[in-house]
Amino acid sequence: MQKIYIKKNKLKALDNRHPWIYSGAVAKMPESLEDGEIVEIAVGEKLLGYGFYAPGNQIVCRVFEYTRRTMEVLTQEYWNEKIASAYALRKSHVITEETNCFRLIHGEGDFFPGLIADVYNDLVSIQILIKGVDKIAPMIVKAIQNLGFERIYNKSKEISKRLENVETPKGWLTEKQGSPKVEVLENGVKFWVDVETGQKTGFFLDQRDARSLVGQYSKDKKVLNTFSYSGGFSMYALKAGATLVHSVDASQSAIDLCDENAELNGFNNGEHTGYCADVFDHLNAMESNDYDVVILDPPAFAKSSKVLTKAARGYKQLNLKAFRKIKKGGILFTFSCSQVVDKVLFRKIVFQAAAEAHRNVRILHQTSQPNCHPINIFYPENEYLKGLVLYVE
Ligand code: SAH
């Protein structure tokens with residue numbers, strides 16, 4: 001196997017097990033090696049680990065194994081074991097009789113840079129982000145099948161902006177196919193997930209814990225769920241006994257899914273209404289003091305640190321509008337999934353919005369990602385989702 005040699009004075013990040021190697025840290029690149037090949041990482045004669053090589057990239061290598069002893073990383077067994085150990089965590093701490101949808105592989109969070117795999121009942125929807133993972137896709141498919149999942153769908157082409165020459169085609173990767181639309185259970189709440197037409201891999205699995213919290217605050221309440229997508233928060237609120245739930249999303253197909261999910265859970269007596277609208281316009285136009293619980297779960301406003309200022313303005317405007325309209329004694333759930341807006345900055349932005357709206361605000365909970373989106377302690381960038389649950393007077 002070819003080697004990538006690291007400069008002796010640039011070992012700190014590797015010693016700290018950060019999974020990215022920048023070109024500036026490399027003393028010697030492999031002589032002739034294609035994008036996506038697996039390389040040994042070394043300093044002098046000493047082995048440090050193995051990674052996916054990406055020549056021409058600022059990040060020239062993504063490390064998937066830190067080890068001082070030679071290992072067989074090109075075998076099916078190696079990838080079987082890696083994926084089985086991610087599954088073991090979910091089997092012990094995520095899957096229950098009430099929950100059969102979850103993230104199986106969370107990229108670097110599962111020591112697997114470049115791969116996302118989400119389980120929806122009997123179906124696995126994957127996203128391949130880098131060439132290195134693309135090259136071993138057949139082994140990944142086998143490793144997932146080994147766990148007992150016979151249907152695997154690839155979303156990569158459609159949704160990955162970071163794609164680096166990924167060739168594995170969109171669609172089914174297994175012989176067994178069937179319907180791309182499945183019914184899943186999350187904490188006992190039912191959802192339709194269509195991996196073919198849905199956003200991301202089909203559903204937003206990263207709000208499972210926050211949705212439970214919404215349930216806790218929704219009994220006998222009027223709830224507004226903005227940026228609702230398929231109504232994740234809405235269904236929990238309904239199930240918990242909300243008197244009325246309104247979902248708002250700019251996508252008509254998302255609102256259609258909300259309606260289908262309300263029906264699936266037995267709420268077809270007018271307790272739920274979906275609105276296809278821009279959230280900013282909707283908040284401007286609606287009456288004040290109408291809702292006891294408001295949820296703001298927008299898409300990432302900042303995809304990179306270059307647009308941080310603009311994104312911060314967007315979050316502030318959004319929160320300001322909600323603070324101006326929410327009932328006295330209401331509960332505001334506010335989230336950001338922009339990785340570059342960290343939790344300290346997010347809290348500052350929300351604080352400024354509260355001050356500007358002249359509302360007294362107390363923090364009741366601070367939320368993060370659920371345990372099927374584990375955060376690699378050596379890779380703080382892995383932590384992207386943050387939320388505040390606020391009591392607004
Ligand atoms: N809360 C959802 C996930 C939200 S994803 C859940 O729990 O599943 C973000 C959603 O915001 C997407 O469905 C997208 O269609 C919608 N969206 C993006 N910009 C919008 C806007 N300006 N107004 C309304 N909806 C918007």
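**Group meeting talk: domains and helix pairs**

Hi everyone. H6 passes H7 in a right-handed crossing, where right-handed means that the near helix is turned clockwise from the far one by less than a right angle, and left-handed means anticlockwise. Before going on, a word on the model: it is predicted, so local features need pLDDT of at least 70 and side-chain atom pairs count only at pLDDT 80 or more, while totals for chains, interfaces and linings use all residues. Residues are numbered from 1 along each chain as its sequence is written, and side-chain values use heavy atoms, with hydrogens and water left out.

Back to our pair. Helix H6 covers residues 208-216 and helix H7 covers residues 232-239; they pack at about 35°, with axes 8 Å apart. Helices here are DSSP runs of H or I, at least four residues, and strands are runs of E, at least two, numbered from the N terminus. Axes are lines fitted to C-alpha atoms, for helices over the stretch in contact, and angles run from 0 to 180 degrees between N-to-C directions.

Who touches whom? From H6 we have Arg 208, Ala 210, Arg 211, Ser 212, Val 214 and Gly 215, and from H7 Gly 232, Phe 233, Tyr 236 and Ala 237. Contact means heavy atoms within 4.5 Å. By type, the residues of this contact are five nonpolar, three polar and two charged. Nonpolar covers Ala, Val, Leu, Ile, Met, Phe, Trp, Tyr, Cys and Pro; charged covers Asp, Glu, Lys and Arg; the others, Gly among them, are polar.

Now let's zoom out. The protein divides into domain 1 (3-66), domain 2 (76-182) and domain 3 (204-392), with bounds from an automatic or database domain assignment. The C-alpha centres of domains 1 and 3 lie 40 Å apart.

An unreviewed UniProt entry annotates residues 4-64 as "domain: RlmI-like PUA"; such annotations may be inferred rather than shown by experiment, their feature names are shortened, and positions follow the numbering used here. That span is 7% helix and 48% strand, with its end C-alpha atoms 14 Å apart. The unreviewed entry also gives "domain: S-adenosylmethionine-dependent methyltransferase" for residues 180-314, where the chain is 33% helix and 24% strand.

Next, helix H2 (residues 76-93) and helix H4 (residues 137-146): they pack at about 55°, axes 9 Å apart. H2 and H4 are therefore oblique to each other; under 35 degrees counts as roughly parallel, over 145 as roughly antiparallel, 65 to 115 as roughly perpendicular, and the rest as oblique. Their crossing is right-handed.

Last pair: the axes of H10 (residues 308-325) and H11 (residues 343-356) come within 8 Å and cross at roughly 45°. That makes H10 oblique to H11, and the crossing is right-handed. The residues in this contact are 11 nonpolar, two polar and three charged. Among them are Leu 308 and Phe 323 in H10, and Ile 349 and Glu 356 in H11.
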